[in-house]
Amino acid sequence: MTVVDDRPETAAPAPRRRPNRLLALLRNSWRQLTSMRTALILLFLLAVAAIPGSVLPQRGISPEKVNEYFTDHPDLAPRLDRIGAFEVFGSVWFSAIYLLLFTSLIGCITPRLRDHVRALRSRPPAAPKRLERLPQHAVLPAPAGGAAAVAEVLRRRRWRVEVRGDEVSAEKGYLKETGNLLFHTSLIAVLIGVALGSWYGWSGNRLLVAGADNAFCNTRQQYAETKLGPRVDSEDLPRFCLRLDDFEARFLASGQPEFFNARVTVDGPDEPTRSGDFSVNSPLRLGGASVYLLGHGYAPVIRYTDRFGRSQISDDPFLTTGDMGLTSEGLAAFPDANVDPRTGRRAPDEQMAFTGIYLPTAPQQAPFVRSEYPTERNPALNLVAYRGNLGLDAGIPGSVYQLDQRQVRAGKVKEVGTKLLRKGETWTLDDGTKVEFLGTERYVTLSVRHDPGSTMLLVSCGFLLVGLMGSLFGRRRRVFFRVMPADPAEGSPTGGSSLMEAGGLPRTDYPGFAEEFAQLVAAVSGDRADASADSSDRTGVREGTE
Amino acid sequence: MSALSDNLVTFAILAYLVAMICHAVEYALGNTRARAAAAPARELVGAGVGGGGGVPVSPAPVPPSAVADRSARRARIGGLIAVGATGLAAALHLAALVTRGIAADRMPWGNMYEFVLTVTFIGVAAWLVVLWKRPSLRKLGLFLTLVMVLLVATAELVLYVPIVPLVPALNSYWFVIHVSTIVFASGIFLLGAVPAVGYLMRAGYEQGKRSFPYTLAKRLPGAASLERLTFALHAFAFPIFTFAVIAGAIWAEAAWGRPWGWDPKETWAFISWVVYAGYLHARATPSVKRNVATWLAVLGFLTMLMNLFGVNIFFTGLHSYGGLD
Ligand code: HEM
């Protein structure tokens with residue numbers, strides 16, 4: 001793993017006629033930026049900069065927690081906010097670090113890419129004069145075919161071979177640098193994929209209650225919240241509509257969920273009409289978007305019959321409170337209640353609303369505040385009735401899931417009673433109007449998203465992995481063989497036949513090179529039996545130091 | 001089955017404890033042997049840096065006296081018993097995992113307790129492989145068994161939860177792919193941290209430092225071979241970890257609708273990845289000293305621990321499957 005730093009950082013620039021100080025400064029800064037040390041420091045900074053993102057709540061993930069933090073630390077929070085501590089991963093400083101790092105990366109790999117292409121096209125260099133100086137060295141009887149035979153053995157072992165007269169040079173392991181460059185280039189591609197996704201992607205979240213009346217279409221207004229990338233307009237959203245037909249959930253005896261499935265019907269100009277199933281872990285893939293199941297709950301169906309005998313139905317979703325038994329809270333509001341059908345006059349003080357707790361499995365006795373099981377074994381709806389001016393006309397935005405408490409505090413809305421209703425039960429209020437609990441519908445929480453960068457992300461991650469393995473496990477090395485001139489004068493052990501000298505040079509850290517070298521030497525000298533055995537301590541093979 | 005698994009964990013801890021004590025005995029008795037071997041060990045440092053193959057077995061030391069010889073033999077026996085006990089502990093450990101998996105009818109990686117149990121098993125199994133290939137590293141076993149006793153006991157005493165089935169969010173083949181690779185890479189990183197710390201102490205010792213933590217390294221294998229092992233383990237684990245993180249992102253896309261959302265677990269995985277990448281870079285850069293690079297490896301492991309314990313305990317995120325409420 002010793003890096004072959006081919007570009008010495010302090011290489012003296014060639015003397016130029018007009019030394020330009022600004023240019024020199026720029027050149028030097030660039031060289032600094034693309035040095036390995038800078039890359040290391042930036043990597044380290046990147047790791048450190050990510051820490052606050054996990055310690056402090058982040059707006060993108062949990063805005064409620066950020067608000068909570070503001071109430072808990074009124075002094076500290078605004079100051080932290082100013083430096084982007086609640087949006088670490090989009091902050092100026094975090095971006096600066098990774099942009100610098102990637103600039104450094106580009107500056108680092110471009111020359112290496114050029115050098116590597118050159119290396120790939122060039123032939124292995126000539127053997128050094130003194131092979132015995134190389135880390136690996138051996139003397140062996142020259143094979144019958146001489147240099148050509150050696151070259152043949154090497155080629156069969158997929159070395160890149162160059163024969164020059166009596167000399168063979170061979171090199172192997174270009175994969176290391178190829179892999180390394182592929183890896184670093186893929187990193188850039190990953191970043192581009194992420195950028196594409198955030199520029200051209202969009203997402204929206206909402207609740208969807210079962211039933212044809214509750215179908216929604218993919219427009220910005222129909223989502224509770226949407227996020228559009230800077231390059232996306234509302235008109236760009238694909239046109240389709242979704243209807244929840246069925247939702248199935250199974251739970252274990254302990255109440256722990258075991259299985260979910262949502263069935264929807266899709267149609268619209270941009271999607272063929274069809275029905276589809278999806279679940280946690282397996283989203284519904286449409287042409288221009290994916291639909292994810294994030295949660296589920298119950299929407300109690302409540303019928304209110306006003307003093308003119310007119311009925312209205314609410315099936316607004318009740319939000320789960322987070323317990324195992326799916327205890328849910330919500331609001332059924334009837335702002336149009338008690339409108340005189342003859343005059344059409346609204347009595348603003350006669351609007352009706354019911355806040356309630358829905359218990360899919362109510363306990364046997366009071367208090368009826370907590371459900372014992374998530375399916376409807378003993379459904380009960382604990383309602384509180386309110387009459388008055390709900391404040392819905394005042395234009396003050398309020399939550400759809402909660403009664404406007406300002407109206408209650410101002411005395412404009414008055415509580416008129418509480419009651420626990422079982423399924424099908426009717427409750428007659430003090431003014432003779434009636435509330436019925438008809439049953440429930442299921443609802444699901446959906447996220448609809450489109451990320452055009454995801455394919456690029458996936459593909460570049462694949463290349464990244466392949467490149468990483470090549471880079472980590474590839475080993476660049478060279479071997480040389482030279483037929484030595486026969487020396488008939490002396491009584492040599494080989495009886496006057498010619499000898500061959502071999503040398504090996506690992507170009508990267510490679511502990512097993514001695515072994516490979518020995519095997520190679522054995523293969524060249526023809527004793528195959530030995531070639532496979534561990535021959536690292538054969539005589540004649542010297543294990544040396546660099 | 002579940003109770004059997006719990007008992008097996010207890011027995012495994014005891015076996016690790018025995019292994020640790022035997023290693024300690026070897027350490028204590030290894031005095032003379034260490035002194036005699038000190039000279040070849042130093043030679044080894046020089047050879048290790050270059051293209052030398054593996055760790056040369058140091059030539060048998062010439063014992064100065066018969067007494068020393070006997071004590072060296074006892075030390076050796078202690079070491080061998082320690083290895084045997086480690087093997088036994090690993091077998092019990094594996095049996096505990098298998099029985100837990102059978103009892104739960106799924107892979108035993110559903111919560112922090114099971115996770116730590118599996119990671120430590122991978123660590124010890126990889127250690128046995130290393131030991132089999134490089135018996136001369138045996139004395140590192142003292143530190144490894146110490147880590148095992150600490151982690152497995154923490155798992156049993158602090159993290160233990162009874163068996164529950166997986167929530168649907170985890171019920172996916174990505175669970176097996178993502179978690180098994182994370183567990184595997186973590187186990188190797190865990191093992192890698194042991195020679196990393198060993199190297200830092202041993203390198204100081206070889207430089208003549210004789211104060212507290214360095215003296216502990218007196219009988220460790222040579223610094224160069226520890227460093228080499230550290231690198232080999234990290235180079236092996238890093239691509240697996242990379243794959244695991246990518247698999248996690250693919251799964252997150254399917255489950256939560258986005259491949260990467262800077263959830264605390266994801267953030268810390270990113271931090272670990274960057275730190276380990278920093279280690280590989282630092283080690284590949286000749287101008288960075290080896291001990292600086294190795295510190296990065298140790299830091300990397302601390303970030304893994306933070307992700308495992310810290311994030312599960314202190315933060316809430318989508319990855320809240322620790323089982324500790
Ligand atoms: C986004 C930031 C970067 C990341 C995450 C990253 C990651 C990695 C990883 C994981 C390796 C290990 C593969 C190996 O050891 O062969 C590696 C190798 C390498 N990187 Fe980077 N890198 C980054 C930026 C850079 C930059 C800016 C440079 C140049 C200054 C650079 C130069 C190298 C070199 C020369 C190697 C090969 C080391 C060797 O011979 O093994 N990298 N990189």
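I start with confidence: pLDDT is the predictor's confidence in each residue, from 0 to 100. This is a predicted model, where local features need pLDDT of at least 70, side-chain atom pairs count only at pLDDT 80 or more, and totals for chains, interfaces and linings use all residues. Bookkeeping: residues are numbered from 1 along each chain as its sequence is written, chains are lettered from A and ligands numbered from 1 in the order in which they are written, and side-chain values use heavy atoms, with hydrogens and water left out.

**Entry 1: scores**

I noted ipTM 0.83 and pTM 0.84 for the model. Chain B has an average pLDDT of 83, and 84% of its residues score at least 70.

**Entry 2: chain A overall**

I counted 11 helices and 22 strands in chain A. These are DSSP runs numbered from the N terminus, helices being H or I with at least four residues and strands E with at least two. How much of chain A is buried? Buried residues are 46% of its 546 residues, with buried meaning under 20% relative accessible area, exposed over 50%, and partly exposed in between (1.4 Å probe, protein chains only). Of the chain A contacts with a separation of 6 or more, 65% are between residues 24 or more positions apart.

**Entry 3: where A meets B**

I find 53 residues of chain A in contact with 59 residues of chain B. The two chains bury about 4,300 Å² between them, and 69% of that is on carbon and sulfur atoms. Buried area here is the accessible area (1.4 Å probe) that two parts lose on being put together, summed over both.

How many salt bridges are there between chain A and chain B? The count is 1, using a side-chain nitrogen of Lys or Arg within 4 Å of a carboxyl oxygen of Asp or Glu as the rule. Glu253(B) and Arg285(A) form a salt bridge with their closest N and O atoms 2.7 Å apart.

On the chain A side, the elements giving two or more residues are helix H2 (36-55), helix H7 (175-200), strand S8 (257-268), strand S11 (290-305) and helix H9 (454-473). H2(A) supplies the largest share, 10 residues. By type, that side of chain A splits into 36 nonpolar, 9 polar and 8 charged residues. For those classes, Ala, Val, Leu, Ile, Met, Phe, Trp, Tyr, Cys and Pro count as nonpolar, Asp, Glu, Lys and Arg as charged, and the others, Gly among them, as polar.

**Entry 4: salt bridges inside chain A**

I searched the whole structure and got 31 salt bridges over all chains. Glu167(A) pairs with Arg482(A), closest N and O atoms 3.5 Å apart. That pair links strand S3 (residues 167-172) to strand S20 (residues 477-483), 315 residues apart. Are the two buried or exposed? Both Glu167(A) and Arg482(A) are buried.

Glu171(A) forms a salt bridge with Arg507(A), at 3.6 Å between the closest N and O atoms. Glu171(A) sits in S3, while Arg507(A) is in the loop between strand S21 (499-506) and helix H10 (513-525), 336 residues apart. I read 2% relative accessible area for Glu171(A), so Glu171(A) is buried.

**Entry 5: two serines**

Ser35(A) is in the loop between helix H1 (21-33) and H2. Ser35(A) is buried at 6% relative accessible area, and a polar atom of its side chain lies 2.9 Å from the backbone oxygen of Gln32(A).

Ser447(A) is in strand S19 (residues 434-450), and counts as buried at 1% relative accessibility. Its side chain makes a polar contact with the side chain of Asn205(A) at 3.0 Å. Leaving out residues up to four places away in sequence, Ser447(A) touches residues including Gly204(A), Ser290(A) and Tyr292(A).

Technical notes: Contact means heavy atoms within 4.5 Å. A polar contact is a pair of N or O atoms within 3.5 Å; within protein, one must be able to donate a hydrogen and the other to accept it, and residues adjacent in sequence count only if both atoms are side-chain atoms.
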